[in-house]
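User: I've got this model open and I'd like to learn how to read it feature by feature. Could you walk me through it?

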Amino acid sequence: MEFVAIIPARYASTRFPGKPLAMLGGKPVIRRVYEQVTGVLPDAVVATDDERILRAVEEFGGRAVMTSAEHRSGTDRCWEAYGKLGREYDAVINVQGDEPFIRPEQLRAIMRCFDVPGTDIATLVRPFAESDGLAALENPNSPKVVLDGESRAIYFSRSVIPYLRSEWLAKHTFYKHIGMYAFRTKVLAEVTALPQSSLEKAESLEQLRWLENGYRIGVGISDVETIGIDTPEDLAAAEEFLKRMKR
């Protein structure tokens with residue numbers, strides 16, 4: 001299969017305006033994401049709604065395309081960007097523009113999901129460890145995923161699923177969702193045309209729309225904890241993490 005990585009990057013973030021252009025270790029965040037991705041997938045493009053991000057990507061030699069500022073999700077932005085690439089691919093990987101430490105093995109894991117016949121969409125999870133503690137498991141900003149016996153997603157939730165009466169992390173392997181997706185190209189076209197579903201509205205998780213409409217979501221398992229950047233405080237933590245990596 002031929003894959004292309006599309007990296008949505010908005011300027012107008014509520015919690016951290018201009019986040020893709022924030023400096024991390026002397027480079028813009030979006031450049032660090034792009035360089036991590038292109039180490040595995042040479043075909044990559046940043047999909048943005050802001051000329052400042054477009055220029056920054058082009059200045060470091062990357063590829064970027066302008067997309068509408070009206071998109072409700074990164075998935076919709078990916079589909080518009082795909083239409084501007086000028087060639088066809090078998091699958092599109094949607095990589096978050098605020099994940100500067102995404103690892104090559106994570107990209108390869110999501111690509112391997114398509115080795116399983118019938119996979120429409122792929123995503124990643126990380127097992128919760130007992131050392132994470134119950135508070136991390138119960139955090140509604142960290143969606144959980146239930147898998148079937150063939151490592152396909154059954155359900156995503158902000159609640160703890162399944163419910164266990166005691167010794168939660170010792171009795172069951174819970175999976176934390178890592179927000180990276182890959183789509184067969186025709187599936188990406190289809191899911192962006194679907195109306196919001198009742199479960200999606202209830203949990204504010206767009207992947208539930210795909211499950212409700214019968215799409216099969218393959219799941220790759222990663223032991224790597226990604227460090228996303230949503231706030232200036234996250235950027236400071238990422239700077240410290242980068243310093244530790246260089247030691």
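User: Let's start with Glu51. Which helix is Glu51 in?

Analyst: Keep in mind that this is a predicted model. Glu51 belongs to helix α2, which covers residues 51–59.

User: How do I decide whether Glu51 is buried, exposed or partly exposed?

Analyst: You look at relative accessible area: under 20% is buried, over 50% is exposed, and partly exposed is in between. Glu51 comes out at 43%, so it counts as partly exposed. For a sense of place, its C-alpha atom is 10 Å from that of Thr67, which sits 16 residues away along the chain.

User: Now strands. How many residues of strand β1 are buried?

Analyst: Go through the strand residue by residue, then check each face. For β1 (residues 3–9), seven of the seven are buried, so the strand is largely enclosed by the rest of the structure. Both faces are covered: Phe3, Ala5, Ile7 and Ala9 are buried on one side, and Val4, Ile6 and Pro8 are buried on the other.

User: Which strands does β1 pair with?

Analyst: Look for bridges and their sense. With β6 (residues 91–94), β1 pairs in the parallel sense over four bridges, and Phe3 has Ala91 as its bridge partner there. With β4 (residues 44–48), β1 also runs in the parallel sense, over five bridges. In that pairing, Ala9 stands opposite Thr48.

User: And strand β11, is it mostly covered or mostly open?

Analyst: Mostly covered: four of the five residues of β11 (residues 217–221) are buried.

User: Next, the nonpolar core. Which residues have the most contacts inside the largest one?

Analyst: Here you follow buried nonpolar side chains that are joined to one another. The largest core has 40 residues, and those with the most contacts inside it are Ile7, Leu24, Val37, Val46, Ile93, Val95 and Met180. Helix α1 (residues 29–38) gives the most to this core, with five residues. Apart from it lies another core, of 31 residues, including Tyr89, Val145, Trp210 and Ile217.

User: What does Leu24 touch, beyond its sequence neighbours?

Analyst: Leaving out residues within four places in sequence, Leu24 is in contact with Val29, Arg32, Pro100, Phe101, Ile229, Leu235, Ala238, Glu239 and Leu242.

User: What about polar side chains that end up inside? Where is Asp120?

Analyst: For a residue like that, check its burial and then what its side chain reaches. Asp120 is in the loop between α4 (104–112) and β7. It has a relative accessible area of 10%, so it falls under the 20% cut-off and is buried. Its side chain reaches the backbone nitrogen of Arg216 at 2.9 Å. Beyond four places in sequence, Asp120 touches Phe114, Ala182, Phe183, Arg184, Val187, Gly214, Tyr215 and Arg216.

User: Let me try the approach on another one. Is Ser157 buried or exposed?

Analyst: Buried, with a relative accessible area of 2%. Ser157 is in strand β9 (residues 153–157). A polar atom of its side chain lies 2.9 Å from the backbone nitrogen of Ser159.

Methods: Residues are numbered from 1 along each chain as its sequence is written. This is a predicted model: local features need pLDDT of at least 70, side-chain atom pairs count only at pLDDT 80 or more; totals for chains, interfaces and linings use all residues. Side-chain values use heavy atoms; hydrogens and water are left out. A nonpolar core is a set of buried Ala, Val, Leu, Ile, Met, Phe, Trp, Tyr and Cys residues joined through side-chain atoms within 4.5 Å. Buried means under 20% relative accessible area, exposed over 50%, partly exposed in between (1.4 Å probe, protein chains only). Helices (H or I, at least four residues) and strands (E, at least two) are DSSP runs, numbered from the N terminus. Contact means heavy atoms within 4.5 Å. Two strands pair if DSSP finds at least two bridges between them. A polar contact is a pair of N or O atoms within 3.5 Å; within protein, one must be able to donate a hydrogen and the other to accept it, and residues adjacent in sequence count only if both atoms are side-chain atoms.
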